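I opened this notebook to keep track of what I looked up in the model. The entries follow the order in which I went through it.

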Amino acid sequence: MGTFWRGLLKGSVTPRDNDSRFLLDVHSRDLPGEATMRRYADDDEVDLVIVGAGAGGSVLAQRLARRGWRIVILEAGPFWHPDEDWVSDEAGSHHLYWTQKRIIGGTDPIELGKNNSGRGVGGSMIHYAGYTPRFHPSDFSTHSDDGVGADWPLRYEELLGHYERVELELPVAGQDWPWGHPHRYPFSPHPVTGAALRLVEGAHRCGIEMRVGPVGIVNGTFGNRPHCIYRGYCLQGCKVNAKASPYVTHLPDALAHGVEVRANCMALRVDIDDATGAARGVVYAREGEGGRTLQRAAAVAVAGYSIETPRLLLASTSRRHPRGLGNAEDQVGRYVMVQGASQTAGRWPDELRMYKAPPPEISSEQFYETDPGRGFARGFSIQTVSPMPIGWSEHVLADGHWGRALREYMRDYNHWATIGVLNELLPHPENRVTLADETDPYGQPVARMDYTLTDNDKTNMAYSTKVITDILRAADAQDVLIIQRFAHLIGGARMGRAPEHSVTDADHRIWGVPNVFVADGSVCPTQGAANPALTIMALASRLAERMAGGDPVEHYRAVRARRIPISTRSRR
Amino acid sequence: MTVDLRSGAHLPKLRPGSQPPPPDWLPRQRRGTTPQMIGRYPDHDVFDAIDTWDEATKKVVLARLEPPGPLRFFSAAEEPALRAFCDTALAQETEPRIPVAETVDAKLADGRLDGYQYAGMPDDRDAWRLVLRGLDHTARQAYRCSFAECDTRRRENIVREFAHGRLVGGPWDELNVPRAWSVVMRAVLSAFYSHPWAWNEIGFGGPAYPRGFLRLGGPGYEGPGVREPFEKPGAVNVDPVREG
Ligand SMILES: Cc1cc2nc3c(=O)[nH]c(=O)nc-3n(C[C@H](O)[C@H](O)[C@H](O)COP(=O)(O)OP(=O)(O)OC[C@H]3O[C@@H](n4cnc5c(N)ncnc54)[C@H](O)[C@@H]3O)c2cc1C
Ligand code: SF4
C-alpha cells in the first residue's frame with residue numbers, strides 16, 4: 001500500500017502477520033504465554049539462538065518463528081511482570097537499566113546506565129522515550145556524498161518495506177513527514193502540551209518547522225493496547241501498554257509461535273567448532289547458579305546492543321579466532337557512536353507542568369543533512385523532551401547550580417519547558433569497546449568504552465545548541481538553562497562491504513563465520529540524527545527475510561534437514 | 001521581600017551574583033511536609049492523590065518515609081562529613097530534612113551503582129570515601145577544623161571550589177575532581193528529588209498511574225482548562241503589612 005493510502009486510512013490499517021496486539025491481556029500487563037512458553041533442552045539443537053531480547057533480537061525471533069524456526073532467546077535480565085515490577089517513579093526504575101559495571105574512557109567519556117542501556121526482556125525500548133523516526137536516505141551514503149562517516153552496504157530502499165511494516169506494528173503516530181523520504185504515519189498525531197506549544201511558537205519565529213511525532217505510542221486503541229494516558233513516565237517503562245516495546249509489539253506473537261525466552265541467562269561465549277569454523281551454540285550462565293551451559297543451535301544471532309555485543313564477540317576466543325570472534329581484522333568494537341543530546345530549558349511566566357504527556361512530542365529534521373554554510377558536515381535534529389524531577393535536577397546542576405540556587409530553580413520546575421537536539425556524531429575507529437582488566441561476577445571481563453569527540457562533532461554540537469537556545473529566546477523565555485549530554489548508542493560491530501573495515505557483511509553475517517549474525521544496533525555504520533530503535537527493528541525484519549531465504553516452505557525443509565538455514569548468496 | 005512569580009525575579013541567573021533571594025519570601029507549607037517546610041505550593045501534598053496510585057508504586061514511594069538509617073556503608077568517623085556535605089550541597093540547614101545521607105548510604109551499601117565508572121577513577125564507593133576525606137583535608141588546611149565543624153559560609157566556600165573542580169592536595173590528588181563532583185552529586189540529587197517531600201516543595205504531581213492526566217495545558221495558556229482539578233497553583237508569602 002502506498003504511503004498516501006496509509007495516511008488516509010489512519011488507524012484502520014493493521015499488521016497482518018503479527019498478532020501481538022490481540023494476544024495481550026486487557027487486565028494485566030504480563031507477557032501472555034509466559035506460563036505455557038515452549039521450553040527447549042540445552043542439548044536440543046535449535047535452529048537459532050539469539051542473545052538479547054531487545055529491539056533487534058525480538059523482531060528477528062518473531063519473524064522467523066512465524067516461518068517455523070525453533071528459537072531460544074537468552075536474555076541476561078529478568079522476565080518483567082510490569083504490574084508488580086514497574087513503578088510510576090524515577091528512582092524506583094533503576095533496575096530497568098544495565099547497571100553492571102562498565103569502564104568509560106577517552107577524552108569525552110560517555111555516561112552509560114540509565115542514559116542509554118536497558119537490561120531485561122524487551123531490552124532498552126522498555127524505557128526508551130518513544131521517538132520512532134526513520135533514517136534519511138542520505139544516511140546510507142555519507143562517505144560518498146559528504147566525505148565523512150561511512151557508506152552502508154545497503155540502501156534506504158532496501159529498508160523501506162520494513163520501515164513501513166514496523167511502523168504499522170508499533171504503531172507510529174505522527175503528522176505527515178516532510179523530511180528525508182517524505183511519508184505518512186498509520187496513526188494520527190497525539191495532542192500536545194502547553195509546554196511543547198511554547199517551543200513550537202519559538203521555532204516558527206526562527207523559521208524552523210516542527211511536526212508532531214513520530215512516536216510509537218498508541219493514539220486510539222490498537223487491539224488490546226489502550227490509548228496513552230499522558231502520565232509522562234515513558235522512560236520508566238509504560239505500565240499502560242500504550243508505548244511500543246518488543247515486550248508488547250513482538251514477543252507476544254513470538255511466544256505464541258514457539259519461541260523460548262530464557263531470562264536471567266547471561267551469554268558468555270559463542271562456542272565455535274574448530275574443525276568446521278561454524279558456531280555450535282552459545283555458552284551461558286544462569287543468574288545465581290555456578291555452572292555453564294551450552295545451548296546448541298544451528299545458527300547464532302548476537303543482539304546485545306553496542307557495548308555488550310562487542311564484549312561478547314571479544315570474549316568468544318577460540319583456536320580459529322584467538323582475538324575474538326570476527327576480530328581477525330581488529331574491527332570488533334570500533335566505530336561505536338553516540339549522538340550529542342544537549343538540552344536547553346526555557347522559563348515562562350505561566351505554569352506549564354512539563355511532566356505531563358510523553359516526553360517525546362514534537363520534532364524537526366530541517367537541519368539533518370549537510371549545509372556547507374554551517375561549517376560542519378552532516379547535521380542534527382530537534383526534539384522536545386521533558387525531564388522529571390531527578391532529570392531536571394541534573395539539568396540544573398549541569399548549568400552550574402547547587403545548594404540554594406539549585407533549590408530555587410527546582411522550585412520553579414513547573415514554569416519550564418525543555419527542548420533538545422540529536423547531533424549526528426561521526427564514526428571514528430578509536431572510539432571503541434574493548435575488554436577491561438576487571439571482571440564481573442561470572443568472571444567475564446567487563447567492557448570498556450572509549451570516546452573522543454572530533455572537531456566536526458564539537459562544531460555541530462555548538463551550532464545546534466545555539467539554534468535551540470535561539471528558539472527559547474524567540475519564544476520569549478525569561479531565563480535559559482543548558483545541559484550538554486549524549487544519548488543513543490550505535491555501532492561497534494558494523495556492517496560493510498569488506499572485512500578490513502567491518503565486522504559483518506550486508507546480511508549481518510560475521511565475516512568468515514558461516515552461521516553467526518549480529519542483529520542489533522551495533523551493525524549500523526552511521527546513525528544520522530534520528531533515534532535508532534525503529535531502524536534497528538527494520539534491520540532485524542530485513543535480516544529475518546534474508547535468513548529465511550524468502551521462501552518459507554523451502555526454508556522449513558532445509559531446517560528440518562539440519563542444513564545451515566541461511567541463503568549465502570547476496571541478492572543485491 | 002515580595003516576589004512576582006510571573007516575573008521570574010527570584011531566579012538566580014537573573015539576579016546579581018547568581019544567588020537566589022533568602023527563602024523568607026516563600027510561603028510556609030500548609031498541607032503535608034516539605035524540606036524545611038518551605039515551598040511554592042503550600043496547599044499541595046502529593047499524598048492527597050495516593051488513592052489513585054498503583055500498589056507497586058505506593059510501596060516504593062512510601063518506603064522513603066520509613067525512619068532512616070542507621071548508616072551501613074559509611075563509618076561513624078565519616079558520618080559528620082557526609083551529613084555536612086549533603087546539607088550544604090542541597091541547602092538543607094534545618095529540620096525537617098530529607099534523609100539524603102541515609103539514602104546515599106543505602107545505595108552504596110547495597111551496591112546499587114549507576115553502571116559506569118570513569119577510567120582512572122576508583123569505584124563509586126571508594127570515590128565517596130575519598131571525597132569525604134578530601135573535604136576534611138581542605139577544611140583543615142583552610143579553616144583549621146573538620147568540614148563538619150565549619151559554619152555554613154565556610155562549607156559553601158569549599159563546596160563551591162569542589163563544584164568548579166579546583167580542589168587539590170591530599171585525597172583530591174587521587175581523584176579527577178570534576179568527575180568526583182558528578183559522581184557524588186548524582187547520588188545526592190537522586191536521593192533528594194526522589195523524596196515525596198521534595199515533590200511537594202516544587203509542585204510536582206507525583207505518580208500518575210493508573211489515573212494519568214487529561215489537561216495538558218494547551219492550547220490557551222490560562223483558565224480552568226489548563227489545570228487539573230487536583231492541582232494547586234503556586235503562591236508566594238504575601239506579607240499584608242509590607243504589601244500595604
Ligand atoms: C533513556 C533512553 C531513551 C531512549 N529513547 C529512544 C527514543 O526515543 N527513540 C529511539 O529510537 N531510541 C531510543 N533509545 C534507544 C533504544 O532504546 C535503543 O537504541 C534500542 O533499544 C537498541 O536495540 P538493540 O536491539 O540494539 O538492543 P537492546 O534493546 O538494548 O537489547 C539488548 C538486550 O540484550 C541483552 N543482553 C546484552 N548482553 C547480553 C548477554 N551477554 N547475554 C544475554 N543477554 C544480553 C540486554 O539485557 C538487552 O535486553 C533510548 C534509550 C534509552 C536508554
Ligand atoms: S505517557 Fe503514555 S506512553 Fe508514556 S508511559 Fe504514560 S501511558 Fe505509556
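The entries below cover the ligands, a sheet, the annotated domains, chain B and some backbone details.

Entry 1: I am working with a predicted model.

**Entry 2: ligand 1.** I started with the surroundings of ligand 1. There are 39 residues around ligand 1, and Glu75(A), Ser124(A), Tyr131(A), Tyr305(A) and Ala533(A) come nearest. Which backbone atoms sit at polar distance from its oxygen and nitrogen atoms? A polar backbone atom of Ala533(A) is 2.7 Å from an oxygen atom of the ligand. For Pro532(A), a backbone N or O atom lies 3.3 Å from an oxygen atom of ligand 1. Ala129(A) has a polar backbone atom 3.0 Å from a nitrogen atom of ligand 1.

**Entry 3: ligand 2.** I then listed the shell of ligand 2. It includes the run Cys228(A), Ile229(A), Tyr230(A), Arg231(A), Gly232(A), Tyr233(A) and Cys234(A). Also in the shell are Ile217(A), Cys238(A), Val240(A), Lys243(A) and Pro358(A). By class I get 9 nonpolar, 1 polar and 2 charged residues around ligand 2.

**Entry 4: Tyr230(A).** Is its phi positive or negative? Tyr230(A) has a positive phi of about 55 degrees, although it is not a glycine. I note for context that most residues other than glycine have a negative phi. Tyr230(A) belongs to the loop between β4 (211-212) and α8 (246-249) of chain A.

**Entry 5: cis peptide bonds.** I recorded two cis bonds. In chain A, Leu170(A) and Pro171(A) are joined by a cis peptide bond with omega of about -20 degrees. Pro171(A) is in the loop between α6 (156-169) and α7 (194-205) of chain A. In chain B, the bond from Gly69(B) to Pro70(B) is cis, with omega near -5 degrees. Pro70(B) is in the loop between α1 (55-62) and α2 (79-89) of chain B.

Entry 6: In what order do the strands of the open sheet run? I read β14(A)-β15(A)-β3(A)-β1(B), 4 strands with mixed pairing. The edges are β14 (432-439) of chain A and β1 (117-118) of chain B, each pairing on one side only. Helix α10 (305-315) of chain A packs on the sheet and touches β14 and β15 of chain A. The direction of α10 makes about 65 degrees with that of β14(A). Inside the sheet, β3 (103-105) and β15 (445-450) of chain A pair in the parallel sense over 3 bridges. Ile104(A) has Met449(A) as its bridge partner in β15(A).

**Entry 7: annotated domains of chain A.** I took the names from UniProt, where the entry is unreviewed. "Glucose-methanol-choline oxidoreductase N-terminal" is annotated there as a domain over residues 198-323 of chain A. That span is 23% helix and 25% strand, with end C-alpha atoms 54 Å apart. "Glucose-methanol-choline oxidoreductase C-terminal" is the domain annotation for residues 427-540 of chain A. Here I find 25% helix and 23% strand, and the end C-alpha atoms lie 22 Å apart.

**Entry 8: chain B.** How many helices and strands does chain B have? It has 8 helices and 1 strand. From the N terminus on, the elements run α-α-α-β-α-α-α-α-α. The C-alpha trace of chain B spans about 60 × 50 × 35 Å along its principal axes.

Definitions and conventions. Residues are numbered from 1 along each chain as its sequence is written. Chains are lettered from A and ligands numbered from 1 in the order in which they are written. This is a predicted model: local features need pLDDT of at least 70, side-chain atom pairs count only at pLDDT 80 or more; totals for chains, interfaces and linings use all residues. Side-chain values use heavy atoms; hydrogens and water are left out. A residue is near a molecule or strand if one of its heavy atoms lies within 4 Å of it. Ala, Val, Leu, Ile, Met, Phe, Trp, Tyr, Cys and Pro count as nonpolar, Asp, Glu, Lys and Arg as charged, and the others, Gly among them, as polar. Two strands pair if DSSP finds at least two bridges between them. Helices (H or I, at least four residues) and strands (E, at least two) are DSSP runs, numbered from the N terminus. Contact means heavy atoms within 4.5 Å. Axes are lines fitted to C-alpha atoms, for helices over the stretch in contact, and angles run from 0 to 180 degrees between N-to-C directions. UniProt positions are given in the numbering used here, feature names are shortened, and annotations may be inferred rather than shown by experiment. A polar contact is a pair of N or O atoms within 3.5 Å; within protein, one must be able to donate a hydrogen and the other to accept it, and residues adjacent in sequence count only if both atoms are side-chain atoms.
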